[in-house]
Amino acid sequence: MAKGEKKGRSLALYETILKLKDLDECCRFFDDLCTPTELRSLEQRFDVAVYLQQGLVYLDILEKTGASSATISRVRRSMLDNGAGGIMREVIQRETLHNRGSDE
């Protein structure tokens with residue numbers, strides 16, 4: 001593959017994730033797929049996104065997650081501000097609304 005030429009995205013992974021039956025199967029799938037370090041990184045980035053969505057400031061997020069300020073900034077910039085159509089923000093809001101509805 002020539003330098004600068006990108007390989008098309010394989011959708012097989014995403015299609016498989018959508019077929020997982022429950023939370024336990026999802027956890028086991030990702031345990032098989034990722035190293036512990038990769039999983040911690042993904043989980044940490046998601047936690048950062050949730051805290052940013054809640055309006056927490058960088059220092060509070062750093063204290064809660066241990067994420068570096070560079071990671072927090074990257075999450076804010078790419079996942080929340082101008083990521084894949086704002087889907088991270090949408091999913092977090094959807095889950096927040098779902099949880100509020102189940103508390104009532």
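A salt bridge here is a side-chain nitrogen of Lys or Arg within 4 Å of a carboxyl oxygen of Asp or Glu. The model is predicted.

Q: Which residue does the side chain of Lys-21 meet in a salt bridge?
A: The cut-off is 4 Å between a Lys or Arg nitrogen and an Asp or Glu carboxyl oxygen. For Lys-21 the N to O distance is 3.8 Å. The partner is Glu-25.

Q: Is Lys-21 buried or exposed?
A: Exposed means over 50% relative accessible area. Lys-21 has 69% relative accessibility, so Lys-21 counts as exposed.

Q: How far apart are the closest N and O atoms of Asp-24 and Arg-28?
A: Side chains of opposite charge can pair when their charged atoms come close. Asp-24 and Arg-28 form a salt bridge. Their closest N and O atoms are apart by 3.2 Å.

Q: What separates Asp-24 and Arg-28 along helix H2?
A: Both residues sit in helix H2. Because they are 4 residues apart there, the separation is about one helical turn.

Q: How many salt bridges does the count come to?
A: One joins Lys-21 and Glu-25. Another joins Asp-24 and Arg-28. The count comes to 2.

Q: Which helix gives the most residues to the lining of the largest pocket?
A: The largest pocket has a volume of about 1,200 Å³. Of its 26 lining residues, the closest to the centre are Phe-30, Leu-42, Phe-46, Met-79 and Met-88. Helices H1, H2, H3, H5 and H6 each give two or more residues to the lining. The most, 7 residues, come from H3.

Q: How many residues of the lining of the largest pocket are nonpolar?
A: The lining also holds 2 polar and 7 charged residues. The nonpolar residues number 17.

Q: Where in the protein is confidence lowest?
A: The protein averages a pLDDT of 86, and 83% of the residues score at least 70. Confidence is highest in H2, at a mean of 98. The lowest mean, 75, belongs to H6.

How values were computed. Residues numbered from 1 in each chain as written. Predicted model: local features only at pLDDT ≥ 70, side-chain atom pairs only at ≥ 80, totals over all residues. Heavy atoms only, no water. 1 Å grid on protein atoms, 1.4 Å probe; cavity = no way out; pocket = protein on both sides within 12 Å on 5 of 7 lines; lining within 4 Å. Points joined across faces, edges and corners; volume = space filled by probe spheres on them. Nonpolar A, V, L, I, M, F, W, Y, C, P; charged D, E, K, R; others polar. Buried < 20%, exposed > 50% of the residue type's maximum accessible area, 1.4 Å probe, protein only. pLDDT = per-residue confidence, 0-100.
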